[in-house]
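Please read the following account with the sequence and the model side by side.

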Amino acid sequence: MTDIRADRVLILDFGSQYTQLIARRIREIGTYCEIFPWDASREKITAFHAKGIVLSGGPDSVATDPAGDAIAPVLEQGVPVLGICYGMQVMAKQMGGEVEVSGQREFGYAQVQVEANSELLEGISDNEMQNGTNILDVWMSHGDRVVKLPDGFEVIGSSAGSPIAAIANERDKLFGLQFHPEVTHTRQGKQILERFVNRICGCGASWTAANVIHESVDQIRHQVGSDRVLLALSGGVDSSVVAALLSRAIGDQLTCIFVDTGLLRLHEGDQVMQTFAGYPGIDVIRVNAGQQYFDALEGIADPEQKRVIIGNLFIKIFEAEAKKISNVKWLAQGTIYPDVIESAGAATGKADLIKSHHNVAGLPEQMDLKLVEPLKELFKDEVRKIGLELGLPREIVFRHPFPGPGLGVRVLGEVKPEYVHMLQRVDDIFIHELRKHDLYDEVAQAFAVFLPVKSVGVMGDGRKYEHVVALRAVETSDFMTAHWARLPYDFLDHVSRRIINEVQGISRVTYDISGKPPATIEWE
């Protein structure tokens, strides 16, 4: 069997918001890669056996804080290196060049003129000058710039704000780009990364959905043997793909517990059961726990308290159901690669707590079960591809993200059954109309929020003092930054009228036009 990780690229992370995007782009090319912190030990870097190394961007200034001696263990590997933005500056600075704070910062669109023949950029262009020089449309995000090259390097690209915008040491296969090839705004970014990964590093393209499934099935069978496995099925894409993957690997050794919290989307509980009824061998136990959640949340308005209550109650219910099942040895979880990266980052103390997440991370220790996490090396877009390959419905695989605490954090303030029921209907109308008007796949996430306020409305001949809801739709590629979606006014008008006419108790509909940052995507 082919080793789908034999060709591999290592990404050293200097704290850029785009680091995971670099990894996703390389995986899309078909090459396995991992992310290590920039100060990973020499031994760890060497043991990875990378065929190429990428140095990410970062928020700091190389001119004032050059990140220790990060480049030495990288150069010792003797493999091609690509420095991106801050990564290029670190390489230049630590190899004997000079970096300074620029008086002309570049943020956003820029054009890079290709200055010399280079293996990295040869034949790649968006436009051409009259003299035949190639031009690249790129995305810049930097305040420092390289002003003197290390020995052995030459300039292969320049821009109005950066006379040294791309560099190369062809002999040692060391390259640097001041711009970001991983973002879609750099039009030829994918081609540049393919050139580095495929031609310069010599990596193949065996990292595909079909190959990942084949290997995962073998690994699960080897890991689990004939033991019984338990899965907390939420109906989200991650747990659904885990269920389908485990079903293919071990069949009726899998038991799923689906806790219907009463805080799910309209009819979602029934939809989950219908989806997995078609998978022979999967035993799904549904627990209708809505009243327990409403009782536990009575009088609670603080969002962090709500998250803790919802998470703890989930664990309590899940444990109680699990005890009814004999001979369970393994707990399956839908942990994905960003969860692993973020957990590792949190361990360094550098990550702030934004909000508690509702997952089953506390279950293994309490339940004395071994973990099986078949998605822990995958990004969300890879999980979706695997879901489709496994035959899951597209509506499940490409469903917009939904918070673990469900509508418990989309009803602002105290969570009451009547508020949740109104919100379910509002959200259902919004999503239905997005699908009907072919807008659902144009936005990354869309949902409704129930606000803890009332406003005056006029219905018929009478004035009413009723509730307010907000609609939210965003466009984003990584969910780390997001723009509010410019949905057509006529569409929003139609949705608003449907909600007010069809959902009793709602008198006003608003649309959230906040970006991230400064706002978050969810309201709580």
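The paragraphs below describe the fold as a whole, the nonpolar cores, the aromatic rings and the cysteines.

This is a predicted model, in which local features need pLDDT of at least 70 and side-chain atom pairs count only at pLDDT 80 or more, while totals for chains, interfaces and linings use all residues. Residues are numbered from 1 along each chain as its sequence is written, and side-chain values use heavy atoms, with hydrogens and water left out.

The protein contains 16 helices and 19 strands; these are DSSP runs numbered from the N terminus, helices being H or I of at least four residues and strands being E of at least two. Its radius of gyration is 26 Å, close to the 24 Å that the globule rule gives for 524 residues, so the protein is as compact as a globular protein of that length. That radius is taken over C-alpha atoms, and the globule rule is 2.2 Å times the number of residues to the power 0.38. Along the principal axes, the C-alpha trace spans about 75 × 65 × 40 Å. Of the contacts with a separation of 6 or more, 77% are accounted for by residues 24 or more positions apart, a contact meaning heavy atoms within 4.5 Å.

Turning to the interior, 55% of the 524 residues count as buried. Buried means under 20% relative accessible area, exposed means over 50%, and partly exposed lies in between (1.4 Å probe, protein chains only). A nonpolar core is a set of buried Ala, Val, Leu, Ile, Met, Phe, Trp, Tyr and Cys residues joined through side-chain atoms within 4.5 Å. The largest such core has 69 residues, and those with the most contacts inside it are I53, L55, V229 and F276. Helix α7 (residues 237–250) gives the most to this core, with nine residues. Apart from it lies another core, of 52 residues, with V328, L369, A485 and I506 among them. Not counting residues up to four places away in sequence, V229 touches V224, L246, I250, Q253, L254, T255, W330, A332 and V372.

The aromatic rings come next. Rings of Phe, Tyr and Trp (its six-membered ring) pair if their centres lie within 6.5 Å; planes under 30 degrees apart count as stacked, over 60 as edge-to-face and the rest as tilted. By this rule there are eight aromatic pairs. One of them is edge-to-face and joins F36 and F48, at 5.4 Å centre to centre with 70 degrees between the planes. This pair links distant parts of the chain, twelve residues apart: F36 is in strand β2 (residues 32–37) and F48 in helix α2 (residues 42–48). F36 is buried at a relative accessible area of 6%, and F48 is buried at 5%. The rings of Y337 and F379 have centres 5.3 Å apart and planes at 80 degrees, so this pair is edge-to-face. Y337 lies in helix α11 (residues 337–347) and F379 in the loop between β15 (370–372) and α13 (380–389), so the pair ties together parts that are 42 residues apart in sequence. Y337 and F379 are both buried. F14, W38 and Y86 form one aromatic cluster.

What of the cysteines? The structure holds zero disulfides, a disulfide being a pair of cysteine sulfur atoms within 2.5 Å. For C85, the nearest cysteine sulfur is that of C33, 19 Å away. C85 is buried, with a relative accessible area of 5%, and C256 is buried at 0%.
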